[in-house]
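Subject: Structure for you to look at

Hello,

Here is the structure I said I would pass on.

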Amino acid sequence: MPSAVPVPSDKCAFDHAATRRNWQRARLRAGAMLPLVVLLLLATVTVMGLLGDRPGSPPMWMRIAGFVCVVAAPFIFAAALYSLGPVLRLRRIRRVLRAYPWEYRPAVRPCPGVRDVMALPVQLRVEPDGDWSKAMRAINPLQRKRWTGAMEQGAWFAGDPELGGVIAEPGGKELMTLERGSRTPPEEYRAIARDRERMARARRAGLASLGAGLRG
């Protein structure tokens, strides 16, 4: 089945205007909480610093504030790390989209019988009646395991089919990172690495690694 939205002919996927707009919107959403989290961290550090430098017994309001900061600090730090994750993943998506063009894939489906706590295991098809690929790990930067089902009727792919990349709904929507679902055997990796141009491109996109792992 051909793509309902024509695959752009740009040399790199990030040159596609709609893709770039969708990435920018996701980036704004991902970074919306960061300023608040940073302010809370600064406020916590400031209050703790005032308590440490104050001689004698501090007033009751300051002791209450210090207690609240001590209790809240681990949660604020965890929120900071959680807020930073989507931003970093979107930067990775942009890096891939700047190195590869969009290609059409007839279907992407959740991989049956494969579990992953942090990602959505998926398989891709290159040809409409072809075989499914090996299991790969797809992650939505904003909602980690969000899956609308639209890519099961066709998807866009940018990257290296053996090393990973980015998938999206036609039109460059619902961008997701794509990683290998299992570690690349050293022999296979060495065979890929012999293609210097391919590996140089993969390194520019941040894809030249052996891959992660899934459980069946």
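Predicted model: local features only at pLDDT ≥ 70, side-chain atom pairs only at ≥ 80, totals over all residues.

Residues are numbered from 1 along each chain as its sequence is written, and side-chain values use heavy atoms, with hydrogens and water left out.

Of the 216 residues, 39% are buried (under 20% relative accessible area; exposed is over 50%, partly exposed in between, with a 1.4 Å probe and protein chains only).

The largest nonpolar core holds 25 residues. Such a core is a set of buried Ala, Val, Leu, Ile, Met, Phe, Trp, Tyr and Cys residues joined through side-chain atoms within 4.5 Å. Leu 97, Tyr 100, Trp 102 and Leu 175 touch the most other members. Helix α3 gives the largest share, 5 residues. Apart from this core lies another, of 12 residues, including Leu 120, Val 122, Phe 157 and Leu 178. In soluble globular proteins, nonpolar side chains tend to be buried together.

Leu 175 is in contact (heavy atoms within 4.5 Å) with residues that include Trp 23, Ile 93, Leu 97 and Trp 102, leaving aside its neighbours within four places in sequence.

Which residues cover the two faces of strand β4? Met 136 and Ala 138 are buried on one side, and Arg 137 and Ile 139 are buried on the other. β4 runs antiparallel to β3 (residues 120-125), joined by 3 bridges, and pairs in the antiparallel sense with β7 (residues 173-180) over 4 bridges. Pairing takes at least two bridges found by DSSP. Ala 138 stands opposite Leu 120 in β3 and opposite Leu 178 in β7.

In helix α5, Met 199, Ala 202 and Ala 205 are buried. They lie on the same side of α5 because they cover an arc of only 120 degrees around the axis, taken from the directions from the helix axis to the C-beta atoms. On the other side, Arg 196, Glu 197 and Arg 204 are exposed. Just after α5, Gly 206 has a positive phi of about 75 degrees.

Regards
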